Amino acid sequence: MNINRTFEFVCPTKIIFEVGGAERLGLKLTALGWKNVFLVADKGVVASGVVEKITSGFDETGISCVIFSDFETNPTITSIIAGSKVFKENKSDVLVGVGGGSSMDAAKALAILATNSGPLQDYEGPNKIPNPVPPIIAIPTTAGTGAEVNGSSVLTDDERKYKLSIRSTYLYPTIALLDPSLLRSLPPKVIAATGMDALIHALESYISLGASPITEQLALASIGSIADNIRLFYANPDNLEAAGNMLLASTMAAMSFGNARLGCIHALAHSLGGLYNLPHGVTCTVLLPHAMEHNLISDPDKFSKIASVMGENIVGLSRIDAAKHSISAVKKLISDLELPTQFRELSVREEDVPQIVENAIKTGIHLTSPRNISSEGLESIIRASL
Ligand SMILES: [Fe+2]
């Protein structure tokens with residue numbers, strides 16, 4: 001590495017990896033002196049029985065628990081304000097977010113209102129929250145979002161029909177509890193879409209202009225592990241080892257992108273997510289090969305490494321040919337996971353392209369893409385994906 005290069009790396013969250021650890025949450029909370037839990041889990045997670053599994057050990061440890069699940073897949077500010085009243089009535093001392101991104105976004109937003117008078121819209125952007133928030137424990141039930149180790153909460157302003165992102169060092173969960181047994185029996189479609197989102201977090205942060213030696217190693221290890229495990233998990237959702245490897249890889253990818261940032265795929269995916277009701281992981285997957293083709297010439301060495309950790313034989317190839325194998329590797333993966341390859345399968349309209357590009361530019365997420373990317377570059381990626 002360049003010895004004169006300066007970089008910082010932040011991840012204040014304690015990570016606990018433990019099969020069956022969620023069922024022993026009561027003991028962990030007692031040891032930390034927390035007795036009054038506000039558990040935030042979306043309705044699907046409650047229906048799956050995961051919440052019952054987690055709270056079953058609470059009685060014997062004397063922990064009281066209120067469950068809040070009255071919020072949407074994209075949590076709205078109105079639902080969070082309603083939940084905040086319940087939180088305050090119960091004088092809870094810790095928030096536990098169980099589920100995918102929406103449960104953790106909701107738990108973080110509720111934590112903000114516990115110690116800050118709001119409105120939440122005032123805290124949009126980086127580090128605008130004045131007061132520290134109560135402790136948050138994040139327990140992911142999918143391997144994809146990485147919200148268990150980042151300091152952001154994405155909410156929908158339902159009055160203005162607008163998505164806002166609140167980012168603060170206060171919002172990093174105190175503990176991320178990674179329990180692979182909670183991922184058992186996930187539907188294969190969810191495994192494929194969330195797992196590809198994790199792969200893309202790793203890949204975009206690996207090639208990002210904001211990458212550092214630490215994020216690069218985390219991202220490469222994550223890409224290799226996802227390539228090795230996602231097919232096994234997709235084919236057999238009861239494969240606990242594959243589930244655990246995917247969960248860890250997703251967390252490592254998030255530790256990487258939380259510092260190195262992302263790139264043009266997520267800029268376009270955020271824009272598309274505001275206009276269409278599409279699963280985020282699927283949207284990113286459709287964009288992936290086209291964004292790689294666009295970026296490849298900017299850093300062929302990194303793309304060659306991606307090809308190599310994904311199991312491609314690049315021995316004896318030129319730098320560019322070796323780099324191109326990274327694209328064939330992801331195309332094979334997308335095909336094996338039976339995911340869509342073009343937006344026409346998902347009803348994205350060509351006439352919306354200018355709006356998609358304009359909104360993507362506004363996110364600023366594309367600014368760390370390795371190739372200098374203009375609105376024309378973003379447009380060429382989205383058009384190739386139609
Ligand atoms: Fe993502």
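Two residues are in contact here when heavy atoms lie within 4.5 Å. In this predicted model, that criterion places Ile 54 in contact, beyond its neighbours within four places in sequence, with Ala 22, Leu 25, Leu 39, Val 98, Ile 139 and Leu 182.

**Nonpolar cores**

- The largest nonpolar core comprises 98 residues, and Ile 54 and Ile 139 are the ones with the most contacts inside it.
- Helix H6 gives the most to this core, contributing eleven residues.
- Because domain 1 (14-183) and domain 2 (188-385) both give residues to this core, it lies between them.
- Another core, of 24 residues, lies apart from the largest one, and its members include Ala 107, Ile 112, Leu 120 and Ile 136.

**Iron site**

- The protein donors of the iron ion are Asp 197 through OD and His 201, His 266 and His 280, each through NE2, at 2.1 to 2.2 Å from the ion.
- Along the chain, these donors of the iron ion follow the spacing D-x3-H-x64-H-x13-H.
- Asp 197 in helix H6 (residues 188-207) and His 280 in helix H10 (residues 280-295) are 83 residues apart, so that this pair links distant parts of the chain.

- His 280, at 30% relative accessibility, counts as partly exposed.

Terms used
Residues numbered from 1 in each chain as written. Predicted model: local features only at pLDDT ≥ 70, side-chain atom pairs only at ≥ 80, totals over all residues. Heavy atoms only, no water. Donors = N, O, S within 2.8 Å, 3.2 Å for Na, K, Ca; no water. Helix = DSSP H or I, 4+ residues; strand = E, 2+ residues; numbered from the N terminus. Buried < 20%, exposed > 50% of the residue type's maximum accessible area, 1.4 Å probe, protein only. Core = buried A, V, L, I, M, F, W, Y, C linked by side-chain atoms within 4.5 Å. Domains from an automatic or database assignment.
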